[in-house]
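The following paragraphs explain, step by step, how charged side chains pair with one another in the structure shown here. Please keep the sequence and the model in view while reading.

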Amino acid sequence: MPPREPNMDDLENFLVEEQLPTADAVKMLRSLGVDTTAFFAEIERRVQDGYSGQLRKVAEREKSARASGATFLGQLASMSRDAMIDLFRQVSEGRFGTAYRDAALARCRNKAPSEFTDDELRTWLEDIGEILGDPDQ
């Protein structure tokens with residue numbers, strides 16, 4: 001019966017048990033007949049696959065969070081600066097309820113809405129929409 005190819009558990013056990021410097025570990029694996037080039041390429045592929053999978057999950061969560069935000073805020077990504085300032089003004093005047101008004105007043109304690117950058121306005125409106133949701137619900 002031919003020797004079986006080592007798997008990731010074998011590698012982990014080997015590295016934990018032997019506690020060798022990297023160069024010595026590679027040398028020992030090669031002496032045992034392991035194709036270290038292919039083996040390490042497989043490890044790198046698995047790590048990259050896992051990393052890519054995690055990035056996809058993060059993107060899906062962010063997309064879902066944006067979709068579940070307050071619908072009355074509209075499409076903030078494409079909204080002009082003037083439209084965002086107007087929306088912020090409406091929020092701070094209480095048009096969407098006291099929770100939104102209080103949040104806007106707290107946000108503007110040290111700065112007028114016109115002093116915010118477009119990104120600051122958009123981010124605040126998105127964040128507060130995600131936290132408080134639609135005022136009618």
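Asp49 is partly exposed, with a relative accessible area of 42%; here buried means under 20% relative accessible area, exposed over 50%, and partly exposed in between, for a 1.4 Å probe and protein chains only. The model is predicted, so local features need pLDDT of at least 70 and side-chain atom pairs count only at pLDDT 80 or more, while totals for chains, interfaces and linings use all residues. Residues are numbered from 1 along each chain as its sequence is written, and side-chain values use heavy atoms, with hydrogens and water left out.

Asp49 forms a salt bridge with Arg45, with 2.5 Å between the closest N and O atoms. The term denotes a side-chain nitrogen of Lys or Arg within 4 Å of a carboxyl oxygen of Asp or Glu. Arg45 is also partly exposed, at 40%. Both residues belong to helix α3 (residues 36-67) and lie four residues apart, about one turn of the helix; helices are DSSP runs (H or I) of at least four residues, numbered from the N terminus. A network of salt bridges links Glu42, Arg45, Arg46 and Asp49.

In helix α4, Asp86 and Arg89 are three residues apart, which means a separation of about one helical turn. The closest N and O atoms of their salt bridge are 2.4 Å apart. Asp86 is partly exposed at 30%, and Arg89 is partly exposed at 37%.

Another salt bridge joins Arg81 and Asp118, at 2.7 Å between the closest N and O atoms. This pair links distant parts of the chain, 37 residues apart: Arg81 lies in helix α4 (residues 81-92) and Asp118 in helix α6 (residues 118-132). In the whole structure, a search finds eight salt bridges.

Methods. Helices (H or I, at least four residues) and strands (E, at least two) are DSSP runs, numbered from the N terminus.
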